[in-house]
Amino acid sequence: MENKAHLEITAAKQMKELMKQHFMELDEASRTKSRKIAWCSSVGPAELAMSLGFLVYYPENHAAMLGSTRTAMDYIPVANAHGYSPEICSYLTSDIGAYLRHETPLTKAYGIKEVPKPDVLLYNTNQCRDVYDWARFYGREFHVPVLGINTPRSQNESREHVVFSVNNQLRDLVGPLERIARRRFDIDEFREVLGRSRECSRLWEAVLETGANKPSPLTFFDECIHMGPAVVMRGRQEANDYYQVLLAEMKQRVENKVAAVEGEKLRFYWEGMPVWGKLRSLSELFARLKASVVVSTYCNSWIFNAFDPADPFASMAEAYCSIFIGQDEVWKENYIADKVKRFAIDGILFHDARTCASNSNNRYGMSQRLSQRLGIPHLVINGDLNDLRCYSEEQTVTNVEAFVEQIEESRSENVRRN
Ligand code: SF4
């Protein structure tokens with residue numbers, strides 16, 4: 001049933017075409033061997049590979065498709081049977097399970113028979129260790145090199161030593177990648193790709209910032225869909241062209257005071273991973289309660305302000321070391337506090353994703369500390385990114401309804417007192 005309380009985005013059609021183009025190109029390259037293909041973790045050294053002519057495929061994006069099509073649960077047990085624990089990243093287990101079953105959602109979506117074959121696997125442990133083990137699995141399967149960046153996590157503001165190391169590790173990738181690409185590295189091509197990626201990041205950030213307006217022209221659930229090009233096509237002009245269109249649509253909405261959620265009364269922050277298989281039902285739930293989820297950590301993770309084509313290696317190291325997930329809790333709390341203030345947030349939703357400890361930030365008391373510091377309530381939603389067996393729809397609806405009621409009651413109480 002279409003959700004009338006939540007407004008659809010016109011640019012969505014163009015975005016779907018763009019995603020199709022991305023996968024069709026990869027499929028063609030894989031079948032005809034016309035281009036080399038790098039598989040890359042989501043915040044791995046993609047721009048470097050692109051500057052050497054690789055097309056880039058992101059297993060996490062494929063895993064999110066398994067989540068949103070709700071096929072992940074068919075595949076997780078297959079990976080479990082191969083020794084991959086049900087407690088580790090369900091992106092990893094669903095993706096590996098689908099591979100072992102020779103199935104992919106790309107078949108139904110685009111008529112593509114199988115995922116493109118890699119010539120190299122690239123990772124960066126800036127987000128978690130799982131991406132390394134994930135790449136190693138495919139390295140063994142396809143007999144291709146696994147190259148990567150090992151970034152320490154839980155950093156704080158003074159991360160110079162980490163950036164220094166990552167800068168050197170990035171430079172060390174050039175030789176092996178040149179040999180696989182059978183092509184010489186050209187720093188000017190690298191600068192160009194990084195410049196386009198920087199522009200993509202700037203435009204995506206501008207789109208997300210429109211959520212600070214009251215009412216918000218878009219929600220976290222829209223952003224999860226529209227972040228696709230920023231994830232898989234950053235560094236390409238097509239992504240930038242798309243975000244110009246999306247940004248124009250959002251600006252128009254702001255100008256006309258068009259709300260993504262009709263009658264927006266409350267504004268929430270989403271902390272943690274999306275529940276991919278429940279985006280629509282969660283979007284409908286919040287819209288029904290006239291609550292708009294206007295900002296999130298997750299969708300902001302594809303903003304890389306530090307990219308600087310004048311100093312490509314050092315700035316890429318700085319950008320990829322600065323992502324939210326890699327920082328310590330003090331840094332993360334300051335980041336969220338800033339967003340809560342700027343986006344006029346009434347409450348924070350913490351998604352405790354069972355199989356992603358790295359992106360479940362409620363587990364060490366952060367939710368309580370932030371509520372105390374900011375004077376706003378929080379709610380923990382228990383679930384998972386892909387494994388819906390960890391998520392209860394009934395429980396979530398009850399808890400969210402009670403949370404909204406509690407905020408509205410305390411608002412009325414404040415009005416009465418004043
Ligand atoms: S950050 Fe979480 S969801 Fe992403 S790859 Fe790592 S464990 Fe999986």
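Biologist: What radius of gyration would a compact globule of 418 residues have, and what does the protein chain have?

Modeller: The rule puts a compact globule of 418 residues near 22 Å, and the protein chain has 21 Å, which agrees. Bear in mind that this is a predicted model. Along its principal axes the C-alpha trace spans about 70 × 45 × 40 Å, and 49% of the residues count as buried.

Biologist: Which residues touch the most other members of the largest nonpolar core?

Modeller: The general idea is that nonpolar side chains tend to be buried together in soluble globular proteins. Here the largest nonpolar core has 124 residues, and A38, A49, L122, W204, F268, Y269 and L349 touch the most other members. Helix α9 (residues 187-209) gives the largest share of this core, 8 residues. Take F268: leaving aside neighbours within four places in sequence, its contacts include A291, V293, I345 and L349.

Biologist: How do I read a helix, say α13: which of its residues are buried?

Modeller: An α-helix has 3.6 residues a turn, so residues three or four places apart point the same way. In α13 (residues 279-288), the buried ones are L282, S283, F286 and A287. They cover an arc of only 135° around the axis, which puts them on the same side of α13. Their cover includes α10 (220-226) and β6 (291-296). Just after α13, K290 takes a positive phi of about 55°.

Biologist: And the ligand: how does its shell divide into nonpolar, polar and charged?

Modeller: Into 7 nonpolar, 3 polar and 2 charged residues. Among those around the ligand are E60, C89, Y91, D130 and M273.

Note on methods:
Residues are numbered from 1 along each chain as its sequence is written. This is a predicted model: local features need pLDDT of at least 70, side-chain atom pairs count only at pLDDT 80 or more; totals for chains, interfaces and linings use all residues. A residue is near a molecule or strand if its C-beta atom, placed from the backbone, lies within 6 Å of it. Ala, Val, Leu, Ile, Met, Phe, Trp, Tyr, Cys and Pro count as nonpolar, Asp, Glu, Lys and Arg as charged, and the others, Gly among them, as polar. A residue is buried if 20 or more other C-beta atoms lie within 10 Å of its own, exposed if 12 or fewer, and partly exposed in between; C-beta atoms are placed from the backbone. Helices (H or I, at least four residues) and strands (E, at least two) are DSSP runs, numbered from the N terminus. The arc is that of the directions from the helix axis to the C-beta atoms. Two residues are in contact if their C-beta atoms, placed from the backbone, lie within 7 Å. A nonpolar core is a set of buried Ala, Val, Leu, Ile, Met, Phe, Trp, Tyr and Cys residues joined through C-beta atoms within 7 Å. The radius of gyration is taken over C-alpha atoms; the globule rule is 2.2 Å times the number of residues to the power 0.38.
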